[in-house]
Each structure stands twice: as C-alpha cells, then as structure tokens.
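Here is a short briefing on one chain.

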Amino acid sequence: MRVALITGGSRGIGAAVARKLHADGCTVVIDYIHSKDRAEALAAELDGIALQADVSDPAVVCRLVDTVLEKFCQLDVLVCNAGAAWQGLTQDMTDEDYRRVMGTGLDGTFYCCRAALPQMLRQKSGKIITVSSMWGQVGGSCEAAYSAAKAGVIGLTKALAKEVAPSGITVNCIAPGVIDTDMVRSLGTEALQDLAEETPLGRLGTAEDVAECVSFLCSPAADFLTGQVIAPNGGLVI
C-alpha cells in the first residue's frame, strides 16, 4: 500500500485530496497547523494519521517526514497543498504577512520536497504534486505576494521535475481556478456569483475537482507525465 503525505490536509482541497487518495488505496498522513480536531477526525475516518507541522519551518518539516518514515518506512506520494492567502494593496502588506504567505506557500513547498526526496531517491520512485493557483500563472490584482509564491511553486516544480526524473520520480503541479472552499466563500455570495458567471463552464470548481486531478497525477496513467501544470479552472485561464 502506498503512503501519501498531504500538507494542509485538514479541510478544503487538502481534505478532498486525502479522501480521494484513501479511496485509491493509499494510507494517508494529514498534516495540519491549526485545525487539530478536523484533522484528527478526518484521519480517523480514513484510517490514517494526523500530524501537526508548520511547513514554513524547515526543522519541523524534517521531523514531520522522519515521523512518517519511522511509522511506515516508506513515502510514495507527497502533496504540497499548504498555503496562506492575503488580499489587499501591496503597499499595505506588512513584512509579517508577506513572510507568512511566502513562507507557507513557496518555502514550505521547497522544504517538504527537500525532506521527502532522500527516501524517494532510495526507492527510485515517487509522486510529488505541488499546488499553485491560476494567479501563479497570470497574476492576481491585490494578491501580489500570493501570486509570486504560486508562480514560484510552478518554477520549482518544473526545475525539480528535470532534476529527479532519472530516479523515477515525477513532479507535477495543480493550478486551480476559483474553488468553492472556506477561503473563497469569505468573498461573499454576490462575488461568488460573479466569479461563476465569468467562468466559461458556468460554475465554481469544487475541492473534489482538484482531488480528481491529483489522483490522476498519482496514478500509473500519469507515469510519463512530469514537470506539467494541470489547471482545473473551468476555462477561466486558458
């Protein structure tokens, strides 16, 4: 049975990915930072485990991966889903908010990949899935730091895919559009309706839409796919 580690896995896209990978036959490890009750309930539902770790801290990430390996002796799938958002004018963003967005979204993705690679290299196999955003592809007004972090994730994915491909490891990226999660619902009903109307397919995406893409990239059907950006966005960015 494959072992999958999902960062930011307690809710939203991360929780949907955990459920889907469990359905695909994986043992799931759910990383969380604040939502302990949600993470532990989900882990119990899926016969997995929940571990608290702030992915912006490289030492904590190393301990996270070490714990997974101590328990399971393998790590087959890494889904780097943890992220942090901030909306507002760039000149109003504090250094603290900037570091939180970059530290979680970009630094954390790098730290997780770096920590997981030694085991995957020993195995000569592994699937790494990073999570970016459509704003990482085209940039979002009033989300400069978030867009920068997510663009960095795309660059990291492409470079790492070239580096580790000879060892049988694939690295791919998901760049979702507007997905109906708690983060997006904070925009309000009217804004969500406008976004749905702007989307060519006429609706917001669901966490399950993204999870299906992750499932595909983790499957044997995607064994010859690496360094790619898959964009479940309903046609909003083409």
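A residue counts as buried when its relative accessible area is under 20%. Cys173 has a relative accessible area of 0%, so Cys173 is buried. The model is predicted.

**Cysteines**
- A disulfide needs two cysteine sulfur atoms within 2.5 Å.
- By that rule, the model has 0 disulfides.
- For Cys173, the closest cysteine sulfur belongs to Cys80 and lies 9.9 Å away, which is too far for a bond.
- Cys218 is in no disulfide either, as the nearest cysteine sulfur, in Cys26, is 6.6 Å away.
- Cys218 has a relative accessible area of 1%, so Cys218 is buried.

**Sheet**
- The sheet is open and has 7 strands.
- Its order is β3-β2-β1-β4-β5-β6-β7, and the pairing is parallel.
- The edge strands are β3 (49-52) and β7 (229-230), and each pairs on one side only.
- Strands β4 (residues 77-80) and β5 (residues 126-131) pair in the parallel sense over 4 bridges.
- Val77 has Lys127 of β5 as its bridge partner.
- In general, strands of a sheet pair through backbone hydrogen bonds.

**Ser10**
- Ser10 sits in the loop between β1 (3-6) and α1.
- The relative accessibility of Ser10 is 12%, so Ser10 counts as buried.
- Beyond its neighbours within four places in sequence, Ser10 is in contact with Ala15, Ile30, Asp31, Tyr32, Ser35, Arg38, Ala39 and Leu42.

**Largest pocket**
- The largest pocket holds about 1,200 Å³ of space.
- Its lining has 44 residues, and the closest to the centre are Gly83, Ala84, Ala85, Tyr146 and Met183.
- Two or more lining residues come from each of α1 (12-23), β2 (27-32), α4 (95-123), α5 (134-138), α6 (144-164), α7 (182-185) and α8 (189-198).
- By class, the lining of the largest pocket has 20 nonpolar, 16 polar and 8 charged residues.

**Second largest pocket**
- The second largest pocket has a volume of about 150 Å³.
- Of its 13 lining residues, Arg203, Gly205, Asp209, Asn233 and Gly234 are the closest to the centre.
- The lining of the second largest pocket divides into 6 nonpolar, 5 polar and 2 charged residues.

Methods:
Residues numbered from 1 in each chain as written. Predicted model: local features only at pLDDT ≥ 70, side-chain atom pairs only at ≥ 80, totals over all residues. Heavy atoms only, no water. Buried < 20%, exposed > 50% of the residue type's maximum accessible area, 1.4 Å probe, protein only. 1 Å grid on protein atoms, 1.4 Å probe; cavity = no way out; pocket = protein on both sides within 12 Å on 5 of 7 lines; lining within 4 Å. Points joined across faces, edges and corners; volume = space filled by probe spheres on them. Nonpolar A, V, L, I, M, F, W, Y, C, P; charged D, E, K, R; others polar. Contact = heavy atoms within 4.5 Å. Pairing = 2+ DSSP bridges.
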